[in-house]
Amino acid sequence: MAAVPAAPVAPAPTMTGIDLSISAAGEPSAAVLGELEGFVVRRQAGRVVLRGHVADQAALMGVLARLRRDGLTIRHVVPVRGRAPSRPARPHRPGPPRAVAEVGLVGLVADLVGPAIEGAEVTQDPATTTVRVRLADPDALFALLDRLEDLALEVREIHVRPPVGGCPEDPVRG
């Protein structure tokens, strides 16, 4: 009997992870900072910016949940490539309690997201879908992220902004 050549084996996919920057209002405890080994922490006017690496979106959700349990309010989560541009610090003025979350998703998924997220404004461009939702409280952001995770959607970036009139330096853009 002739030997059958083995089929070529494709190399296992490598997970490069996500390099990101998280901006949050508040001050993380020493315990949380110890848990976020490898993150660089920069403080500015009542906010903290954490820059680091997570293995995947599940790890990102864990980091965000841990920050939330420590009393921080997530303002922005964005992927970074190379060196992040620096922005001048500005004082934070608390706005009304109803913030607006803008979540960028990979792909054209408006038909899936629109009916699944009550009260969402959903827009698409050629490669991404953006979901914009008013948040009743800080827990509403995590409810939204949980729902997007249930739909198996890949989050590209998250921005939480005060509503128009809440903080003139950071208006919600339409």
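Strands, taken as DSSP runs of E with at least two residues, are numbered from the N terminus. The structure described here is a predicted model.

Strand β7 covers residues 128–135 and contains Thr128. A residue counts as buried when its relative accessible area is under 20%. The table gives the values for the two residues.

| Residue | Relative accessible area | Class |
|---|---|---|
| Arg161 | 11% | buried |
| Thr128 | 11% | buried |

Arg161 has a relative accessible area of 11%, so this residue is classed as buried. The side chain of Arg161 also makes a polar contact, at 2.8 Å, with the side chain of Glu102. Leaving aside residues up to four places away in sequence, Thr128 touches Leu105, Gly107, Leu108, Thr123 and Arg156.

**A pair of packed helices**

Two packed helices are described by the angle between their axes and the distance between the axes. Here helix α2 (residues 57–69) packs with helix α4 (residues 138–150) at an angle of about 165 degrees, and their axes are 11 Å apart. Because of that angle, α2 is roughly antiparallel to α4. The crossing of α2 past α4 is left-handed.

Which residues of α2 meet α4? They are Met61, Leu64, Ala65 and Arg68, and on the α4 side they meet Asp139, Phe142, Leu145, Asp146 and Glu149. Of the residues in this contact of α2 with α4, five are nonpolar and four are charged, with no polar ones.

Terms used:
Residues are numbered from 1 along each chain as its sequence is written. This is a predicted model: local features need pLDDT of at least 70, side-chain atom pairs count only at pLDDT 80 or more; totals for chains, interfaces and linings use all residues. Side-chain values use heavy atoms; hydrogens and water are left out. Axes are lines fitted to C-alpha atoms, for helices over the stretch in contact, and angles run from 0 to 180 degrees between N-to-C directions. Helices (H or I, at least four residues) and strands (E, at least two) are DSSP runs, numbered from the N terminus. Angles under 35 degrees count as roughly parallel, over 145 as roughly antiparallel, 65 to 115 as roughly perpendicular and the rest as oblique. A crossing is left-handed if the near helix is turned anticlockwise from the far one by less than a right angle, and right-handed if clockwise. Contact means heavy atoms within 4.5 Å. Ala, Val, Leu, Ile, Met, Phe, Trp, Tyr, Cys and Pro count as nonpolar, Asp, Glu, Lys and Arg as charged, and the others, Gly among them, as polar. Buried means under 20% relative accessible area, exposed over 50%, partly exposed in between (1.4 Å probe, protein chains only). A polar contact is a pair of N or O atoms within 3.5 Å; within protein, one must be able to donate a hydrogen and the other to accept it, and residues adjacent in sequence count only if both atoms are side-chain atoms.
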